[in-house]
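I opened the model today to look up a few points. My notes follow, one topic at a time.

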Amino acid sequence: MNTAMYQAATGAQAFGYVLILIAGVALVAGIIWAFRLGAKVRDREPAPPRPEEQPKMPPGGPVHETHEVREPDEVPRAADESERLTPHQLGNVGTKRAADQSRPRWTPGSSGSFGGGGGGRT
């Protein structure tokens with residue numbers, strides 16, 4: 001009979017087994033703690049809206065998208081020509097409706113993009 005099979009674990013092996021067991025228990029405890037923390041956070045969140053709280057369609061039906069050509073507003077100028085305006089002095093430069101509402105098209109004979117094929121302008 002093979003006596004090596006029935007030998008007791010040495011001290012180093014037993015320490016390794018205990019270390020693995022402790023690491024496993026710590027891992028499981030960490031997973032349980034994270035799950036409970038997530039459940040507490042979820043309980044503090046507001047409930048999802050009820051069907052009567054959902055958004056309603058406007059009385060005139062669905063709102064459709066509008067297409068219009070926009071152009072930038074005039075950029076404000078500094079009072080003194082030697083001074084320049086910084087970005088925070090400019091603020092948000094808005095846009096306005098363009099007088100010409102025709103959509104811009106590619107120039108005939110142009111490929112439309114770099115490497116897009118075609119002969120381009122000749």
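I began with burial along helix 1. Of its 34 residues, the number buried is one, so helix 1 lies largely in the open. I kept in mind that this is a predicted model.

Next I checked the length of helix 1. At 1.5 Å a residue, its 34 residues should span 50 Å. I found the end C-alpha atoms 50 Å apart, which agrees.

Then I turned to the record. UniProt lists residues 14-35 as "transmembrane region", in an unreviewed entry. I looked up what the model has over residues 14-35: the chain there is 100% helix and 0% strand. The end C-alpha atoms of that stretch are 32 Å apart.

Which residues form a nonpolar patch on the surface? I noted Trp 33, Leu 37 and Val 41, with about 290 Å² of accessible area together. I followed up on Trp 33, which lies in helix 1, residues 11-44. Is Trp 33 buried or exposed? Its relative accessibility is 56%, and the cut-off for exposed is over 50%, so Trp 33 counts as exposed.

My last entry is on Gly 91. I placed Gly 91 in the loop between helix 2 (87-90) and strand 2 (95-97). Its relative accessible area is 44%. Buried needs under 20% and exposed over 50%, so Gly 91 is partly exposed. I also took a distance from Gly 91 to Val 75: they are 16 residues apart in sequence. In space, the two are 9.9 Å apart, C-alpha to C-alpha.

Note on methods: Residues numbered from 1 in each chain as written. Predicted model: local features only at pLDDT ≥ 70, side-chain atom pairs only at ≥ 80, totals over all residues. Heavy atoms only, no water. Helix = DSSP H or I, 4+ residues; strand = E, 2+ residues; numbered from the N terminus. Buried < 20%, exposed > 50% of the residue type's maximum accessible area, 1.4 Å probe, protein only. UniProt positions renumbered as here; feature names shortened; annotations may be inferred. Patch = residues over 30% accessible without salt bridge, like charges linked within 9 Å, V, L, I, M, F, W, Y side chains within 5 Å. Areas by Shrake-Rupley, 256 points an atom, 1.4 Å probe, with all protein chains shown as cover. Salt bridge = Lys/Arg side-chain N within 4 Å of Asp/Glu carboxyl O. Expected span 1.5 Å × (residues − 1).
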